[in-house]
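Here are some notes to read alongside the model, written for someone new to looking at protein structures. Please keep the structure open while going through the points.

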Amino acid sequence: MQKGNYAVDHFIPWSMYPSDKWHNFVFADSSCNSKKSNLLASDEFLHKWYERNEEQDLIIVEQISMLGFLMDKERSHRVAEWAYAQGERK
C-alpha cells in the first residue's frame, strides 16, 4: 500500500455479504480496491485473511468491540466458504 493511499474494504464484497462484521474488514490499497470492485480476492489473500482472523481474534474482539462494531468470526468464515465455492475471483 502506498503511504496514505488505503481504504477499508469488505473482504467478502458487500454485494455477497451485506453486513459490517469487523472480521470481514481489511485495509486495502485504494486503487487495488477499486479494481477488485465486488469480486473475491485471490485464494492467496483468502488464506491470509483466515490467518489474520485466527491470530488476531482476541485483539479484534477486545479492542474493536469497545467501538461498537459487530463481530462474528465464525459467521464471516462460513460466508467466505460459501462465496468462494461459487464466486468469481479477481
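1. A polar contact is a pair of N or O atoms within 3.5 Å, where, within protein, one atom must be able to donate a hydrogen and the other to accept it. With that in mind, please look at Asp57 in this predicted model, where a polar contact of 2.8 Å joins the side chains of Asp57 and His23.

2. Asp57 belongs to helix α3, which covers residues 57–64. Is Asp57 buried or exposed? Its relative accessibility is 19%, and because buried means under 20%, Asp57 counts as buried.

3. The next point concerns two helices. Two packed helices are described by the angle between their axes and the distance between the axes. For helix α2 (residues 43–55) and helix α4 (residues 73–86), the axes come within 11 Å and cross at roughly 170°. Since angles over 145 degrees count as roughly antiparallel, α2 and α4 are therefore roughly antiparallel to each other.

4. Which residues make this contact? From α2 come Asp43, Leu46, Trp49, Tyr50, Asn53 and Glu54, and these meet Lys73, Ser76, His77, Ala80, Glu81 and Tyr84 in α4. Sorted by class, the contact of α2 with α4 has 5 nonpolar, 3 polar and 4 charged residues.

5. Aromatic rings deserve a point of their own. A pair of aromatic rings is described by the distance of the centres and the angle of the planes. The count in this model comes to 7 aromatic pairs. In one of them, Trp22 and Phe69 have ring centres 4.7 Å apart and planes at 55°, so the pair is tilted. This pair links distant parts of the chain, with Trp22 in the loop between β1 (6–10) and β2 (25–29) and Phe69 in the loop between α3 and α4, 47 residues apart.

6. Phe69 is partly exposed, with a relative accessible area of 34%. The ring of Phe69 also pairs with that of Phe25, where the centres are 6.3 Å apart and the planes stand at 85°, so the pair is edge-to-face. Here too distant parts of the chain are linked, because Phe25 lies in strand β2 and Phe69 in the loop between α3 and α4, 44 residues apart. Phe25, at 10% relative accessibility, counts as buried.

7. Finally, ring pairs link Phe11, Trp49, Tyr50 and Tyr84 into a cluster. Trp49 and Tyr50 in α2, and Tyr84 in α4, are also among the residues of the helix contact.

How values were computed: Residues numbered from 1 in each chain as written. Predicted model: local features only at pLDDT ≥ 70, side-chain atom pairs only at ≥ 80, totals over all residues. Heavy atoms only, no water. Axes fitted to C-alpha atoms, helices over the stretch in contact; angles between N-to-C directions. Helix = DSSP H or I, 4+ residues; strand = E, 2+ residues; numbered from the N terminus. Parallel < 35°, antiparallel > 145°, perpendicular 65-115°, else oblique. Contact = heavy atoms within 4.5 Å. Nonpolar A, V, L, I, M, F, W, Y, C, P; charged D, E, K, R; others polar. Buried < 20%, exposed > 50% of the residue type's maximum accessible area, 1.4 Å probe, protein only. Phe/Tyr/Trp six-rings, centres within 6.5 Å; stacked < 30°, edge-to-face > 60°.
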